2 protein chains.
Amino acid sequence: MHTSFASRMNILRASDIREILKVTQNPDMISFAGGLPAPELFPNIAIGEIAKEILQTRARTALQYSPTEGYQPLREQIAARMNALWSTRLNAEEILVTTGSQQGLDLLAKLFIDEGDAVICESPTYLGAVMAFNVFKPRWVEIATDDDGMDLKALEHALHTANRVKMMYVVPNYQNPTGRTWSTERRRGLLALAQRFTVPIIEDNPYGELIFEGDTPRAIQAMEEDGIVISLGTFSKIFCPGLRIGWIAARKPFLDRLVVLKQAADLHTSTLDQMITSVYMETHDLEKDLMQKREVYRARRDAMVSALETEMPPGVKVTHPQGGLFLWLELPEEVDARQLLRVSLDRRVAFVPGDSFFPTTQRKNTLRLNFSNMPEHRIVEGVRRLATAIKEMIVPAAAISD
Amino acid sequence: MHTSFASRMNILRASDIREILKVTQNPDMISFAGGLPAPELFPNIAIGEIAKEILQTRARTALQYSPTEGYQPLREQIAARMNALWSTRLNAEEILVTTGSQQGLDLLAKLFIDEGDAVICESPTYLGAVMAFNVFKPRWVEIATDDDGMDLKALEHALHTANRVKMMYVVPNYQNPTGRTWSTERRRGLLALAQRFTVPIIEDNPYGELIFEGDTPRAIQAMEEDGIVISLGTFSKIFCPGLRIGWIAARKPFLDRLVVLKQAADLHTSTLDQMITSVYMETHDLEKDLMQKREVYRARRDAMVSALETEMPPGVKVTHPQGGLFLWLELPEEVDARQLLRVSLDRRVAFVPGDSFFPTTQRKNTLRLNFSNMPEHRIVEGVRRLATAIKEMIVPAAAISD
């Protein structure tokens, strides 16, 4: 049978991470590949009690169809919490609950992107956004990015020269994949350019609350009044990812249209899971949970950074994230991270090669490491194995060039 | 601020049903507008116990990210149950768990539709499919449909003349909105044409198990081996809709691609909700629940049909569904169901005007009634109010024509 698929199917492929995660099921494997939160920190007993209570007292609501916009008490809690943490001035009607923030990306792509429209992003950028947006066949415009954020001169040049720029997608806090955080000055510069060229900013903020040290970053959405910034949030890192509860915060003209798109996409997000999240926030202290998560992840980041400092050969550059789940390695030019992955898997250590995170350029000598999902001694052992693999790959290359 | 949206936003609008449901919150209102299952039949206490148990014993799985394809035991249960009920020969690897079957429609549109591709559908057809597919700007080809299914001559003509037909979308059992069920002969004819023209059939089957009388319909997917039929299923009507658990059953070449699209859409469906559904099926008798649902809905259908027979003026045609949640009224030509809705809302009875269910044609004198969500005495009272409103609208029209 020769069925004809939509043309988008020619450019889509399964995420590398997914494929790599399949080989990391082996308990012997040390995986720095995923972005999984530590499951031992899930407040499972409390969630079980809450679920049972909801199903005893409010099951006709919890198990029935519910409004596309989201469970109203949860929308109110999200708006209030964002305003408290990030100094935004949002109300509940500006929150759309989504099936994870991944769905937020799908809905925003539908809202803005016709085939061939340009999307501006950091270089590298979040793979999940590349996948979600590619379904709508955009042109990617990658902007050179350093430890303080995008190069604003390069961004301004792109806005002058690229046609049909529909949005600028950024992860300004503890970015996936690099762990980098934008300076306040760069945030202001990005916003000024967005306003000058009337191009919305998508401020994706899944990691902002996982801060280990330094000043709390400022939300770009809190720096403006006109609504040119749309932000994405999620409970996946601060509560638990299995419930798939995320949100979009946007002004009414955007939000009303996103609701129509969400209705067509899945009608609404699980009513029960929304109610569990809402009741948990009401009856427990999410901020106290977060203190514990920050402590655990900080210790793991420290273990990874110090092992990398000890073990890595010269010529390997490492980011030093002040929060989040990931850090980023730049290897000597001659090392191809995909070849390295094959060698590493033999040594029972996994990571994600960096080239997946560049929608247009090729940066083969980079890789992403996750530090949130494993105790320190395993992290140290994993880094040791990885360093051995890298050294093996550098030596022959050097030998060839002699 | 003048932001430019994607061109699809010009054709999308909020579903009428959604808007009508907003005015039906008033407890005084009798609403035949939604498609809500009866909440008093939700097995809420059992679900609460199951949720608690899962969160005590398997929380690290239930609250964590999980595979895009779905929770493996649930995929197996769905395949086994379909094979038992519908004589399909599916295995677990041919099941993709979706966030409600509405998401299945979104994913299938992504898989098949480039702008301007043709989608063949019944006339009228399911509004949620029209909404999901319209995001991808197809051309709709409506085929005249009677009580036995599509007019196969008209279908063959359309397949000969229409360009780029990418799929045929049908709801063959107790259709939404009409309540009609296809004859076996028409199913065979549809399949033969699909095979001859190599156009996949999307067999959407949310209501097939809500049978009140007559022979069990045959699944089109069970009539063929090559995989040209892709089916959609859901737990929304047989268990509860708030958990948003649906599925797509398709052969590997389709399923593998749908997994990539789902990963981009929301990563995966709620792990907890999938596990709850799976454990419920394992520990309780879904078939026994279904017997109860069938009894309750049959009595409500009977109440509605007999009230319609008693109350409606001549010239009103009513379908007599043998299952499902809906029936369909055809009013005298001169009655516009949107005007009727305004009159009816004043009399505190709501329904969905039929024109929403025709993607291209205009059939203003039709409407859909839901009978699943209300006890019999309310149904009888609602039909009485509706009949009064219709009579009011017929009389002046007749007076004008005198």
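Which residues have the most contacts inside the largest nonpolar core? They are Ile276(A) and Ile276(B), in a core of 243 residues. Such a core is a set of buried Ala, Val, Leu, Ile, Met, Phe, Trp, Tyr and Cys residues joined through C-beta atoms within 7 Å, where buried stands for 20 or more other C-beta atoms within 10 Å of a residue's own, with C-beta atoms placed from the backbone. Leaving aside residues up to four places away in sequence, Ile276(A) touches Ile47(A), Ile50(A), Ala51(A), Ile54(A) and Leu243(A).

This is a predicted model, in which local features need pLDDT of at least 70 and side-chain atom pairs count only at pLDDT 80 or more, while totals for chains, interfaces and linings use all residues. Residues are numbered from 1 along each chain as its sequence is written, and chains are lettered from A in the order in which they are written.

A rotation of 180° with 0.0 Å of shift along its axis places chain B on chain A at an RMSD of 0.0 Å (least squares on C-alpha atoms of residues with pLDDT of at least 70 in both). That is the relation of a two-fold axis. Of the contact residues of chain B, 99% recur in chain A.

Chain B and chain A put 69 residues each into their contact (C-beta atoms, placed from the backbone, within 7 Å). On the side of chain B, helix 2 gives the most, with nine residues (helices are DSSP runs of H or I, at least four residues, numbered from the N terminus). That side has 34 nonpolar, 20 polar and 15 charged residues; Asp, Glu, Lys and Arg count as charged, Ala, Val, Leu, Ile, Met, Phe, Trp, Tyr, Cys and Pro as nonpolar, and the others as polar.

Conventions:
Contact = placed C-beta atoms within 7 Å. Helix = DSSP H or I, 4+ residues; strand = E, 2+ residues; numbered from the N terminus. Buried ≥ 20, exposed ≤ 12 C-beta atoms within 10 Å, placed from the backbone.
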